[in-house]
Amino acid sequence: MPLLASVAENLSVLAAAAMLVFFITLRWSPSDTSGRAKLTTGLVFGAAAALVILVPIQGPDGANFDSRAAPILVATFLSGPLAGGVAAAIGALARFQIGDPFQLGGTLSLFLYMAAGVLFRKLWTRGDAGLAGFSALAALGTLCVLPAFFIGRSGDMALGFLPQVLPGLLIGNLIGTSMLGLLLERLSAFALQRRQSRAVLEHASDGILILDEEGCVIDANPAAARMLCQPHGALIGRRLDAALPAGPSEPPSGEPDDPLTQTASLIQADGRRRQLSYTVSPFTVEGRRRSTVIIRDLTEILASREELQRMMGELAAQLQATAKANQSKSQFLANMSHELRTPLNAILGFSDLIRTVGSDSMPREKVDEYLDDIHAAGRVLLGLVDTVMDINRIERGDAILSLEEVNANSLLENLTRILTIEAGRDHVLRFVPHPEPASIRCDPTALTQCVTNLVVNAFKHGGPEVSVALAVDVRDGTVALTVRDDGPGVPEEVLERLGEPFLRGDDARRRSLPGVGLGLAITKRLMEEQGGGLSVGPDDQGGTCATLILTEVETARRDLAAAVASPVTTA
């Protein structure tokens with residue numbers, strides 16, 4: 001019984017030392033390379049060595065031995081020479097205080113154990129030692145400590161004493177070292193797993209809350225505190241519905257594979273809104289019900305989605321615009337080919353006829369008629385080329401306009417006389433002046449071209465015997481030059497796209513009309529260059545009404561004078 005009690009005391013001291021090291025070094029393992037960990041391990045195991053030296057195991061033959069080897073060997077093997085040296089020094093002090101004739105050998109034994117631990121640390125390269133490793137360590141320590149028995153004893157006495165104590169010494173070292181080493185390895189593995197789990201929790205990008213069975217927060221990571229805009233300490237102990245907007249008032253009662261997912265909107269202190277998604281999953285640990293809450297910040301994701309949708313919308317619009325441009329280009333090429341072919345055929349046909357028959361063999365009147373047709377066809381070709389060059393020059397920004405003050409009534413009155421001659425008997429053109437002079441600032445040539453384009457379009461698309469009226473109207477500081485016709489009007493789908501280059505109607509009659517669809521595009525751009533605008537729509541009396549809008553000169557002068565007279569505020 002005394003033997004078992006002594007063994008129990010030694011093993012209890014070793015277990016207590018292992019648990020003490022575990023709790024003290026819970027944040028770092030005994031194999032930690034920091035000096036703090038090594039020193040702590042050495043102090044604790046040194047104290048354990050001192051205790052087991054003071055309570056030795058009483059052998060059946062009266063010999064005393066203890067398990068001092070275990071703390072020295074394990075401390076040295078796991079934490080290195082520093083920890084082993086500190087432990088050996090503390091144990092040596094305790095052994096030296098006993099003061100028997102063999103104190104020198106007993107004191108030296110502690111440092112021999114340390115040397116054995118250093119040697120085994122260099123030889124062992126398999127990771128965790130396990131039972132086999134710690135048993136080998138104990139055997140090596142027992143072998144290395146044998147020279148200590150020859151200090152203070154004669155050789156014959158030592159040789160006679162060793163057989164008595166060696167079995168018990170070896171067994172005690174095996175049991176103590178293996179038990180202490182295995183216990184520390186398991187505790188270290190547990191501590192490592194705990195630290196890793198905590199590191200994952202601390203460094204997770206998603207917010208994580210741990211709830212108890214009452215739905216109160218018992219743990220939270222920094223990401224959760226950041227997302228919920230609350231200090232970490234303020235979250236602990238709060239119910240989920242108080243910590244998280246729109247959170248459930250009660251923890252979910254479903255199974256672990258049946259989580260609850262919801263979204264919430266949180267307004268931050270700076271007024272910005274944060275969109276959150278959270279999933280509550282219940283689980284059970286040792287009969288205790290717990291729940292995890294995974295919080296994800298959807299703010300940037302939703303913003304990215306909206307930005308992506310906007311970019312996709314812009315891309316779709318660009319693709320649609322490109323498709324329209326390609327369609328317009330194809331239509332332009334087809335129209336241009338047709339428009340060029342007609343006058344070219346006339347030029348080639350009449351010129352070939354004159355060359356074949358000979359001008360001397362034809363009546364003079366016929367030759368002059370053919371020459372007039374060739375000249376007219378050439379002017380048509382020149383007009384087509386000028387039109388294409390005009391739109392190209394305007395789109396490049398090379399159009400040079402000279403703005404001056406012009407009376408709108410006089411400009412339209414003169415233009416009406418010229419266009420009436422070109423209209424002939426098939427069309428009616430009349431002008432309705434404004435009762436008072438309407439002065440505008442414009443480029444007279446460009447504005448004349450704009451009005452001419454609108455009148456020609458009205459004659460062309462209005463059909464035979466169409467009536468066109470020009471008028472000047474002054475309203476709200478602007479001057480409107482209107483061109484109204486009583487023709488069939490413009491289809492709604494065409495009105496929405498008026499002003500696009502190469503635009504022509506889709507019906508067969510409009511496609512058969514001469515022109516390449518650049519008149520309104522040129523008009524719109526020339527009006528914009530003059531600071532005005534163009535609008536086209538159905539007329540109240542039927543037909544179509546096209547309006548050129550410019551600022552009245554008197555209004556522009558008043559605005560300029562007011563701007564000059566107003567005080568200028570500088571920062």
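**Entry 1: helix H14 and the sheet**

I started at helix H14, residues 444-462, which lies across E9, strand E11 (467-475), E12, E13 and E14. Relative to E14, I noted that H14 runs at about 170 degrees. I was working from a predicted model throughout.

The open sheet has five strands in the order E9-E11-E12-E14-E13, and its pairing is mixed. E9 and strand E13 (533-538) stand at the edges with a single partner strand each, so one side of each has no neighbour in the sheet. From one strand to the next, the twist averages 20 degrees.

Strand E12 (residues 478-485) pairs with strand E14 (residues 544-551) over eight bridges, in the antiparallel sense. Opposite Val479 I found Leu550 in E14. As a reminder to myself, strands of a sheet pair through backbone hydrogen bonds, either parallel or antiparallel.

**Entry 2: strands E8 and E10**

I went next to E10. Strand E8 (residues 404-407) is joined to E10 by four bridges, and the two run antiparallel. Glu405 stands opposite Arg441 in E10. Which residues of E10 are covered, and which uncovered? Ile440 and Cys442 form the covered face, while Ser439 and Arg441 form the uncovered one.

**Entry 3: His434**

I looked up His434 and placed it in the loop between strand E9 (428-432) and strand E10 (439-442). Is His434 buried or exposed? His434 has 18% relative accessibility, and it counts as buried because the cut-off is under 20%. Setting aside neighbours within four places in sequence, I listed the contacts of His434 as Asn409, Val472, Asp473 and Val474.

In helix H17, residues 519-529, I marked Leu520, Ala521, Ile522, Thr523, Leu526 and Met527 as buried.

**Entry 4: Cys229**

I kept the backbone angles in mind and turned to Cys229. Most residues other than glycine have a negative phi. Cys229 has a positive phi of about 55 degrees although it is not a glycine. I found Cys229 in the loop between helix H8 (222-227) and helix H9 (232-235). At 44% relative accessibility, Cys229 counts as partly exposed.

**Entry 5: Asn221**

I moved to Asn221, which is in the loop between strand E4 (217-220) and H8. With 0% relative accessibility, Asn221 counts as buried. What does the side chain of Asn221 reach at 3.0 Å? I recorded the backbone oxygen of Asp206 at 3.0 Å and the backbone nitrogen of Ala224, also at 3.0 Å.

I also checked the surroundings of Asn221. Leaving aside neighbours within four places in sequence, Asn221 is in contact with Leu201, Ala204, Asp206, Gly207 and Ile208. Asn221 and Ala204 are 17 residues apart along the chain, and their C-alpha atoms are separated by 7.9 Å.

**Entry 6: the nonpolar cores**

I looked up the largest nonpolar core, which has 39 residues. Those touching the most other members are Phe45, Ile72, Val74, Phe77, Tyr113, Val145 and Phe149. The elements giving two or more residues to this core are helix H1 (2-24), helix H2 (35-54), helix H3 (69-79), helix H4 (81-98), helix H5 (103-123), helix H6 (130-145) and helix H7 (155-203). Which element gives the most to this core? H3 does, with eight residues.

Apart from this core lies another, of 36 residues, and I noted Ala446, Val451, Ala458 and Val466 among them.

I went back to Val145 for its partners. Beyond neighbours within four places in sequence, Val145 is in contact with Ser109, Leu112, Tyr113 and Leu169.

**Entry 7: the chain as a whole**

The protein chain has 18 helices and 14 strands. Of its 571 residues, 42% are buried. Among contacts between residues at least 6 apart in sequence, 61% join residues at least 24 apart. I put down the accessible surface of the protein chain as about 31200 Å², with 59% of it belonging to carbon and sulfur atoms.

Conventions:
Residues numbered from 1 in each chain as written. Predicted model: local features only at pLDDT ≥ 70, side-chain atom pairs only at ≥ 80, totals over all residues. Heavy atoms only, no water. Buried < 20%, exposed > 50% of the residue type's maximum accessible area, 1.4 Å probe, protein only. Contact = heavy atoms within 4.5 Å. Areas by Shrake-Rupley, 256 points an atom, 1.4 Å probe, with all protein chains shown as cover. Pairing = 2+ DSSP bridges. Axes fitted to C-alpha atoms, helices over the stretch in contact; angles between N-to-C directions. Core = buried A, V, L, I, M, F, W, Y, C linked by side-chain atoms within 4.5 Å. Polar contact = N/O pair within 3.5 Å; in protein donor to acceptor, adjacent residues only side chain to side chain.
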